[in-house]
Amino acid sequence: MNTIITRLLASLIPLFTIICLAGYWYAKDILEYKQQPLTITEATQITVAPGTSLLKLTQKLEQQGIVTGSWKARFLVKLEPQFGQIKTGLYQMTPGDKLVDFLNRVRLGQEVAFSVTLIEGKTIKEWLPVLQNLEHMPFEDDVFNRVLAANGDTSGLPEGKFFPETYHYRVDDDLFSMLQRSYQMMQTHLSQAWQQRDPDLKLNSPYELLIIASIIEKETAQDSERNWVSAVFNNRLKKGMRLQTDPTIIYGMGDRYKGNITKKDILEKTPFNTYRIDGLPPTPIAAPSKASLYAAANPAKVNYLYFVSKNDGSHIFSSTYKDHNRAVNEYQRNRK
């Protein structure tokens, strides 16, 4: 009996070996399948729809000539179940990627990210063309006021209340949500700046701070000058002087502004012309940066009341009208 069993086992060993070797090479082939390079020559995007399985996804890739042997995905997911965790969205493949690189993005939900920059010193009207042409994000009418209303602000005055920043989004995001982030960021920075304001600040509310910050943003792009410009406006307010700042004239002119301010424009009484009105304009005139918010809250400790452009992006600051007039003659009227 033992001899028979021994002979039987001996006859089964080659078969068992064959089966083991076949299983090994099968598994090796399936695992190597995911290492194949994607046959693309440029960045390629693909949408993974809800309900897509790994097999359907690789079949779609094979139909586009990007991979081969999609049938192996059916067995790959049995050997490595994590690749069956398909997350929907828009994904990008780049030259040099292997199939496993793309599959890892899909299972981790690493979708294509898009971005838009809302530039500081710009108005909402200037932002609109950018927002109306975003990739993979439909424009929503009256979206700024809808965000205000959702936050309890029924003023219908969105200017200056949205933080200028670069925002990232995905295909399933919407404009309302993105601008909600912008609004909340502005509220956060404005609140912090107001809480840290100089006790000597001649402003009565965070909204007034926002207005002054927007004017500072339009007056200078020099970080070193923001606090000085802020000081000029704060000193003027304390003395009851008009702000007399050109950007407010321009904002009040609207579409009539063609690049120059005339004497007639200076004399025209609009709600925003600070040459003709006392105190602040009724709303911000642009989106202020974080730097301008904090400059508005903390003016420099100087007695300047005037400044004039040197035509190189910087300004000359003066404490007296005589000194200011001399600077105007030198840099604006070209007289010394």
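Leu179 is found in helix H7 of this predicted model, where helices (H or I, at least four residues) and strands (E, at least two) are DSSP runs, numbered from the N terminus. Leu179 has a relative accessible area of 0% and is therefore buried; buried means under 20% relative accessible area, exposed over 50% and partly exposed in between (1.4 Å probe, protein chains only). Residues are numbered from 1 along each chain as its sequence is written, and side-chain values use heavy atoms, with hydrogens and water left out. As the model is predicted, local features need pLDDT of at least 70 and side-chain atom pairs count only at pLDDT 80 or more, while totals for chains, interfaces and linings use all residues.

- Leaving aside neighbours within four places in sequence, Leu179 is in contact (heavy atoms within 4.5 Å) with Leu118, Val143, Phe144, Val147 and Phe162.
- Leu179 and Val143 are 36 residues apart along the chain, and their C-alpha atoms are separated by 8.1 Å.
- Thr188 also has its place in helix H7, but Thr188 is partly exposed, with a relative accessible area of 41%.
- The C-alpha atoms of Thr188 and Val67 are separated by 49 Å, and these residues are 121 residues apart along the chain.

- Two packed helices are described by the angle between their axes and the distance between the axes.
- Axes here are lines fitted to C-alpha atoms, for helices over the stretch in contact, and angles run from 0 to 180 degrees between N-to-C directions.
- The axes of H6 (residues 143–150) and H7 (residues 175–195) come within 10 Å and cross at roughly 60°.
- H6 and H7 are therefore oblique to each other; angles under 35 degrees count as roughly parallel, over 145 as roughly antiparallel, 65 to 115 as roughly perpendicular, and the rest as oblique.
- H6 passes H7 in a right-handed crossing; a crossing is left-handed if the near helix is turned anticlockwise from the far one by less than a right angle, and right-handed if clockwise.
- On the H6 side, Val143, Phe144, Arg146, Val147, Leu148 and Ala150 meet Leu175, Phe176, Leu179, Gln180 and Tyr183 of H7.
- By class, this contact of H6 with H7 has nine nonpolar, one polar and one charged residues; Ala, Val, Leu, Ile, Met, Phe, Trp, Tyr, Cys and Pro count as nonpolar, Asp, Glu, Lys and Arg as charged, and the others, Gly among them, as polar.

**Helix H2 against helix H4**

- H2 (residues 54–63) and H4 (residues 99–108) pack at an angle of about 135°, with their axes 13 Å apart.
- H2 and H4 are therefore oblique to each other, and their crossing is right-handed.
- Leu54, Leu57 and Leu61 in H2 meet Leu99, Phe102, Leu103 and Val106 in H4.
- The residues of this contact of H2 with H4 divide into seven nonpolar, no polar and no charged.

**Helices H8 and H10**

- In H10 (residues 246–253), the residues Pro247, Thr248, Ile249 and Met253 are buried.
- The buried residues of H10 pack against helix H8 (206–219) and helix H11 (263–267).
- Gly254 follows H10 and has a positive phi, near 65°.
- Ser214 has its place in H8 and is buried, with a relative accessible area of 0%.
- Leaving aside neighbours within four places in sequence, Ser214 is in contact with Pro284, Ile285, Ala286 and Pro288.

**Aromatic pairs**

- The count comes to 12 aromatic pairs; rings of Phe, Tyr and Trp (its six-membered ring) pair if their centres lie within 6.5 Å, and planes under 30 degrees apart count as stacked, over 60 as edge-to-face and the rest as tilted.
- Trp228 and Tyr304 form an edge-to-face pair, with 5.4 Å centre to centre and 65° between the planes.
- This pair links distant parts of the chain, 76 residues apart: Trp228 is in helix H9 (residues 226–239), and Tyr304 is in the loop between helix H12 (290–297) and S5.
- Trp228 counts as partly exposed at 35% relative accessibility, whereas Tyr304 is buried, with a relative accessible area of 18%.
- Ring pairs link Trp228, Phe233, Tyr304, Phe307 and Phe317 into a cluster.

- His136 is not a glycine but has a positive phi of about 60°.
- His136 lies in the loop between helix H5 (124–131) and H6 and counts as partly exposed at 36% relative accessibility.
- Asn311, also a residue other than glycine, has a positive phi near 70°.
- Asn311 is found in the loop between strand S5 (306–309) and strand S6 (315–318) and counts as exposed at 56% relative accessibility.
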